[in-house]
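Here is a structure to walk through step by step.

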Amino acid sequence: MEVQAITRNVRMSAQKMREVVRQIQGLPAERAQAILAVVPRKGARFVAKTLKSAMANAEDLKTHKKEYGGMATDRLRIKQAVAQTASTLRRFTPKARGSAGPILKRNCHIKIVLSDE
């Protein structure tokens, strides 16, 4: 059985977020939470929040949906963890001789899929 959680439009570039997401790929969910708690990056907080949401989704589905009743929530592993690009806010700053320079404020989506297999 698979369970997922998605956090959308996080105000951080996907490139920075992928560095954090790669650290937890394929790990057990409990161990991934412990690792994310000590990673000193801003992205680790967002990934930990998404992982916690995915684990809560697993518990909720187990109690409320009968097809998920046999899922072992104590043996959840991270099957897939990705950070994808989202929309970019474009701003401009004044430059020399009346021109303008772009400022790109990038966003990303975090998706975590948990599996008990």
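A salt bridge is a side-chain nitrogen of Lys or Arg within 4 Å of a carboxyl oxygen of Asp or Glu. Side chains of opposite charge can pair when their charged atoms come close. How many salt bridges does a search of the whole structure find? The search finds two.

Before looking at them, note what kind of model this is. The model is predicted: local features need pLDDT of at least 70, side-chain atom pairs count only at pLDDT 80 or more, and totals for chains, interfaces and linings use all residues. Residues are numbered from 1 along each chain as its sequence is written, and side-chain values use heavy atoms, with hydrogens and water left out.

Helices (H or I, at least four residues) and strands (E, at least two) are DSSP runs, numbered from the N terminus. Glu 2 has a relative accessible area of 38%, so Glu 2 is partly exposed. Buried means under 20% relative accessible area, exposed means over 50%, and partly exposed lies in between (1.4 Å probe, protein chains only).

Glu 19 forms a salt bridge with Arg 41. Here the closest N and O atoms are 2.8 Å apart. Glu 19 belongs to helix α1, while Arg 41 lies in the loop between α2 and α3, 22 residues apart. Glu 19 is partly exposed at 38% relative accessibility. Arg 41 is partly exposed too, at 35%. The C-alpha atoms of Arg 41 and Val 20 are separated by 7.9 Å.

Now turn to the core. A nonpolar core is a set of buried Ala, Val, Leu, Ile, Met, Phe, Trp, Tyr and Cys residues joined through side-chain atoms within 4.5 Å. The largest one has 30 residues. Those with the most contacts inside it include Met 17, Val 47 and Ile 112. β1, α1, α2 (29–38), α3 (42–64), β2 (77–85) and β5 (108–115) each give two or more residues to this core. Helix α3 supplies the largest share, six residues.

Arg 11 is in the loop between β1 (2–10) and α1 (14–21). At 42% relative accessibility, Arg 11 is partly exposed.
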